[in-house]
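Hi,

Here is the structure I said I would pass on. Have a look first, and my notes on the helix packing and the voids follow below.

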Amino acid sequence: MVLSMDRWIGKVAVVTGASAGIGAAIVKALAGKGVKVVGLARRKEKIDELTKSLGKKGCNVYAMKADVSKEEDILSSFECIKKKIGPISILINNAGFKRNTNLTDGNTKLWRETFDTNVMGLCIATREAIKNMRECKIDGHIVHLNSIAGHQIPTVVVTNVYPASKFAVTALTETLRLELNAIGSKIKVSSVSPSTVLTEFRKASNLVEDEKVLSKMPYLDSTDIADAVMYILPTPPHVQVHDIIIHPLFK
């Protein structure tokens, strides 16, 4: 199987949660291959900083402020992308939350924030991207950043509704694949499910966890996940990578 990113050169990719960690690593990898990358995040200034650090390759990156838990932000961003940058060929649903609460006496607001971003935001962005792809007759690719928690329940305490939201992503990936097949679409959908990744995720999610436990755990780097995405996207039109599960080994 020959892998080549050539067909995506000059095409538009949208990456949600692009301000740091996995999202930023994916933006950098795509821009390096000549893809026009639109990074969506609440912290637009972080994407601007990333763009500057990329030098000439930064010309391929466009930063937009958007909160994917809010439908109006997604709709306005996608409308702007279509009008000012071009039709969408790739969507990377990377934005995600895990909040510091539990199920036995948990905070309803924090539960809702998790589902609004991890599930509803993903669904809305996917719908808008596919709508644009079909209108423009583009055989595009949707990639959901899932989690090992979308396949098995972690044994740590701070999980609450997070695994449920990621199990939803697992189900949504297969459901979308079946829907696209049913209408004869050649748009592809894939999922990437990493285990522990060393990013700003825990800090951004306000998690309180045992640092001694975390320090003893093996972990993946953001670039490892970006590499997985960059393996999926160049696959030939007849090949669909359904899910990649990635575990770390001790370094």
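First, a convention: a crossing is left-handed if the near helix is turned anticlockwise from the far one by less than a right angle, and right-handed if clockwise. Helices here are DSSP runs of H or I with at least four residues, numbered from the N terminus. This is a predicted model, with local features needing pLDDT of at least 70 and side-chain atom pairs counting only at pLDDT 80 or more, while totals for chains, interfaces and linings use all residues. Residues are numbered from 1 along each chain as its sequence is written, and side-chain values use heavy atoms, with hydrogens and water left out.

On to α4, then. By that convention, α4 passes α5 in a right-handed crossing. The two pack with their axes 9 Å apart, at an angle of about 20° (axes are lines fitted to C-alpha atoms, for helices over the stretch in contact, and angles run from 0 to 180 degrees between N-to-C directions). That angle is why α4 counts as roughly parallel to α5 (under 35 degrees is roughly parallel, over 145 roughly antiparallel, 65 to 115 roughly perpendicular, and the rest oblique). From α4, the contact (heavy atoms within 4.5 Å) takes in Thr114, Phe115, Asn118, Val119, Leu122, Cys123, Thr126 and Ile130. Across from them in α5 sit Tyr162, Ala164, Ser165, Lys166, Ala168, Val169, Leu172, Leu176 and Leu180. By class, that contact of α4 with α5 comes to 12 nonpolar, four polar and one charged (Ala, Val, Leu, Ile, Met, Phe, Trp, Tyr, Cys and Pro count as nonpolar, Asp, Glu, Lys and Arg as charged, and the others, Gly among them, as polar).

α4 (residues 108–135) also meets α3 (residues 71–84): their axes come within 10 Å and cross at roughly 25°. So α3 and α4 are roughly parallel to each other too, and their crossing is right-handed. Here α3 brings Glu71, Ile74, Leu75, Phe78 and Lys82, and α4 brings Gly121, Ile124, Ala125, Arg127, Glu128, Ala129 and Asn132. The contact of α3 with α4 has six nonpolar, two polar and four charged residues.

Grid points are joined across faces, edges and corners, and a volume is the space filled by probe spheres set on the points.

The whole structure has one cavity of 30 Å³ or more, and the largest cavity has a volume of about 40 Å³. Its lining is Thr16, Val68, Asn93, Ala95, Thr117, Gly121, Leu122 and Ala125, with α4 giving the most, four residues. That lining has four nonpolar, four polar and no charged residues.

The second largest pocket holds about 280 Å³. It has 14 lining residues, and the closest to its centre are Thr126, Arg127, Ile130, Leu176 and Glu179. α4 and α5 (162–182) each supply at least two residues of this lining, and α4 gives the most, with seven. The pocket lining divides into seven nonpolar, three polar and four charged residues.

Cheers

Note on methods: 1 Å grid on protein atoms, 1.4 Å probe; cavity = no way out; pocket = protein on both sides within 12 Å on 5 of 7 lines; lining within 4 Å.
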